[in-house]
Amino acid sequence: MQVHQRIEDYKLEELLRCPYRYHKREKNGGAGRRLNWRQHVQYAVGHIVNDYYTLPAEARWPGVVSRLADRRWPAGVKQFQSVEHYERTKLRAVSNLTLFLESEEGARVPMMLFEQWEAYHPDLQVNLSVIFQAVFAEGGPADTGYVIHKYVVNDDDQLFEAYGHLMTVYCSIAFPELPKRIEVLSVLNGKRHIIIPDSGSLGLSLDYMRLISGYWSESSGVKNRKRLTECRSCPFRRECGV
């Protein structure tokens, strides 16, 4: 029985930031994989969003996001640059999450909330695994349109692009129609990055995912082009030569 490659959306960021490090960690069974402050915050944000939309509408009063954050926020500060960085990050994230979630659209009930789906794409010959954080119906009762919300910590156009392409390709085989919008919501700066997929852009998304599938299976010749601050503490720095 043939085992197909599996592309998981939550690993996209690590792959794009440094394919070399990603493959070394996968090869070593995850050795050297320590969560950084962004990953801790992303984990907390996911719980806050899920908690908020699980509440009945009458319990979503102003200020409830801050209360949920107090319960879900990382307890330790050692992953952060300083105590001030810890406090500043929490303040920004809670403030922007409050704006996103307590908006008019945020009062709606998601049709999907933190559901993980997987589907095989015959053209790419890969299994695509995605997590739908929040999906809302769009339009009237007879309308089958939907909008995908993705809440992220990193403000990275490359990551936004990758997520948009992955979701476009996934939805093209999993659902009768493409989403009307994909909204990537950056919790640290309050930006709302909107992607509108259509049949014309689907081909570009497929080409992009073919490229990604090559990165996913082989790191040779693909290395981080930026000297990121986190590279200084990377356990694979000597081998990589950054």
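Q: Is E8 buried or exposed, judged by its relative accessibility?
A: This is a predicted model in which local features need pLDDT of at least 70 and side-chain atom pairs count only at pLDDT 80 or more, while totals for chains, interfaces and linings use all residues. Residues are numbered from 1 along each chain as its sequence is written, and side-chain values use heavy atoms, with hydrogens and water left out. Buried means under 20% relative accessible area, exposed over 50%, and partly exposed in between (1.4 Å probe, protein chains only). Because the relative accessibility of E8 is 9%, E8 counts as buried.

Q: Which residues are linked with E8 and K11 in a network of salt bridges?
A: The structure holds ten salt bridges. Some of them form a network that includes E8 and K11.

Q: Which helix holds K90, the salt-bridge partner of D70?
A: The closest N and O atoms of K90 and D70 are 2.9 Å apart. The pair links distant parts of the chain, 20 residues apart, with D70 in helix α4 and K90 in helix α5 (residues 83–101). K90 is partly exposed at 22% relative accessible area, whereas D70 is exposed at 52%. The helix that holds K90 is α5.

Q: What distance separates the C-alpha atoms of N96 and G190?
A: N96 lies in helix α5 and counts as buried at 12% relative accessibility. Contact means heavy atoms within 4.5 Å; N96 touches V187, L188, N189 and G190, not counting residues up to four places away in sequence. Although N96 and G190 are 94 residues apart along the chain, their C-alpha atoms are separated by 5.1 Å.

Q: Which strands are included in what covers the buried residues of α5?
A: The buried residues of α5 are H85, Y86, T89, A93, V94, N96, L97, F100 and L101. Their cover includes the helices α3 and α4. The strands included are β4 (145–152), β5 (181–186) and β6 (192–195).

Q: Are the rings of Y52 and Y53 stacked or edge-to-face?
A: Rings of Phe, Tyr and Trp (its six-membered ring) pair if their centres lie within 6.5 Å; planes under 30 degrees apart count as stacked, over 60 as edge-to-face and the rest as tilted. The structure holds ten aromatic pairs. The rings of Y52 and Y53 have their centres 5.4 Å apart and their planes at 80°, so the pair is edge-to-face.

Terms used:
A salt bridge is a side-chain nitrogen of Lys or Arg within 4 Å of a carboxyl oxygen of Asp or Glu. Helices (H or I, at least four residues) and strands (E, at least two) are DSSP runs, numbered from the N terminus.
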